[in-house]
Amino acid sequence: MEWISDTAHLDEACADMRQAGFVAVDTEFMRETTFWPQLCLIQAAGGQREVLIDPLAEGIDLAPFYALLRDPSVLKVFHACRQDLEIFFHMAGGLIPAPLFDTQIAAMAVGLGDSISYDNLVRACLGQSVDKGSRFTDWSRRPLSDSQKAYALADVTLLRDLFPGLQARLAKTGREAWLAEEMKILTRPATYEMKPEEAWRRLKLRKMTPKWLAALKAAAEWREREAQTRDIPRNRIMKDDGLYELAQAAPTSVDELGALRAVPRGFERSRPAERLIELMQQAMADPKAYAPRPDKPEPIPSNLGPVVELLKVLLKAVAEDADVAPRLIATSPDLELIAASDNADVPAMSGWRRKVFGDKALRLKRGELALVLENGKVEVVELE
């Protein structure tokens, strides 16, 4: 078990792993008391090199590892990597590892389950069990125990071992392009950007009046900026219910803010309160211009219920025939939009999904296909 706590050692290990062609990567982090995840450990396995990198070690520079993640000649293998990528994106100035291979998405593409967990994937591919004993430990404390280190290292050594077989199954089914489409989404910077002015999108919109929407946007933006700047979880700045109270009252003065139940006594005279009042004043100066414009999809006609149900049956039948997880092809909201419009702007109507399902969905709507039950199985048949 190789523990790395200095830059020179890290540089040498990364140079060695670079020769392997692919490297399995995982992280351990904490974020219970912070807004940004606190990276506590990096695990990597490439070739015969298996390392645990301590990002909390005094004086260590992670630049050699970041260079490995950027290297276009090395495939980076993760499992359910979105949170890992978010960490690197924010710690390393917008770094997104590429090229990328997410084993959870690959497993969905070859019929190993819908959002399969890492331990279930290891069991399915390698016939081994994953020790979960150290999953919920404090990864920020030093020194780590031997059991913590063994648990963390297994996350990448097993990932390294299962990857070649999973990649071969993907190639055998001719679905490398399917995975490539999904990786484009995961490697898109917008996936990890957290713009305070867009924070209102995290909240349920209880009203649609310009004043209420403008006040909610201002309150949500204020909370997001405070949380990011002070590195505190959003709910420790203010809970969602407090934002709704701010949206209702739209306070633009110290006295109006101090009268609200959502704020503790004395808060209205603090610096954060000054910033909140300033944003709220901007919003209330012209609520109509300041208010966000939520996307409002056209309501699904009530008479399309049977069409949606037929599309659900078709989706299950097609997914079973293709040996792919249905959710990778389309979601229930996607099916509703397809039922309502042949030009629905959903993933299921483009790329590989359209070839597998989207075109069949349109033909079913036009009466060119039928669903029949044969020997207990739903079959898709052509109609003359």
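Which residues is Arg175 in contact with, once we leave aside its neighbours within four places in sequence?

What we have here is a predicted model, where local features need pLDDT of at least 70, side-chain atom pairs count only at pLDDT 80 or more, and totals for chains, interfaces and linings use all residues. Residues are numbered from 1 along each chain as its sequence is written, and side-chain values use heavy atoms, with hydrogens and water left out.

Okay, the layout. There's domain 1 (2-191), domain 2 (196-290) and domain 3 (304-382), with bounds that come from an automatic or database domain assignment. The C-alpha centres of domain 2 and domain 3 are 43 Å apart.

Back to Arg175. Its contacts (heavy atoms within 4.5 Å) are Ala109, Val110, Leu170, Ala322, Asp323 and Val324. You'll find Arg175 in the loop between α6 (146-172) and α7 (176-186); helices here are DSSP runs of H or I, at least four residues, numbered from the N terminus. Arg175 is buried, meaning under 20% relative accessible area, while exposed is over 50% and partly exposed is in between, using a 1.4 Å probe and protein chains only. Yet Arg175 has no salt bridge, which would need a side-chain nitrogen of Lys or Arg within 4 Å of a carboxyl oxygen of Asp or Glu. The nearest side chain of opposite charge, Asp323, is 5.7 Å away; Lys and Arg count as positive, Asp and Glu as negative, and His and the chain ends aren't counted.

Now the cores. A nonpolar core is a set of buried Ala, Val, Leu, Ile, Met, Phe, Trp, Tyr and Cys residues joined through side-chain atoms within 4.5 Å. The largest one has 96 residues, and Ile329 and Phe357 are among those with the most contacts inside it. Its largest share, 10 residues, comes from α6, and this core draws at least three residues from each of domain 1 and domain 3. Beyond its neighbours within four places in sequence, Ile329 is in contact with residues including Leu315, Trp352 and Phe357. There's also a second, separate core of 34 residues, which includes Ala199, Leu260, Leu276 and Met284.

Cys81 counts as buried because its relative accessibility is 0%, whereas Cys125, at 28%, counts as partly exposed.

Technical notes. Helices (H or I, at least four residues) and strands (E, at least two) are DSSP runs, numbered from the N terminus.
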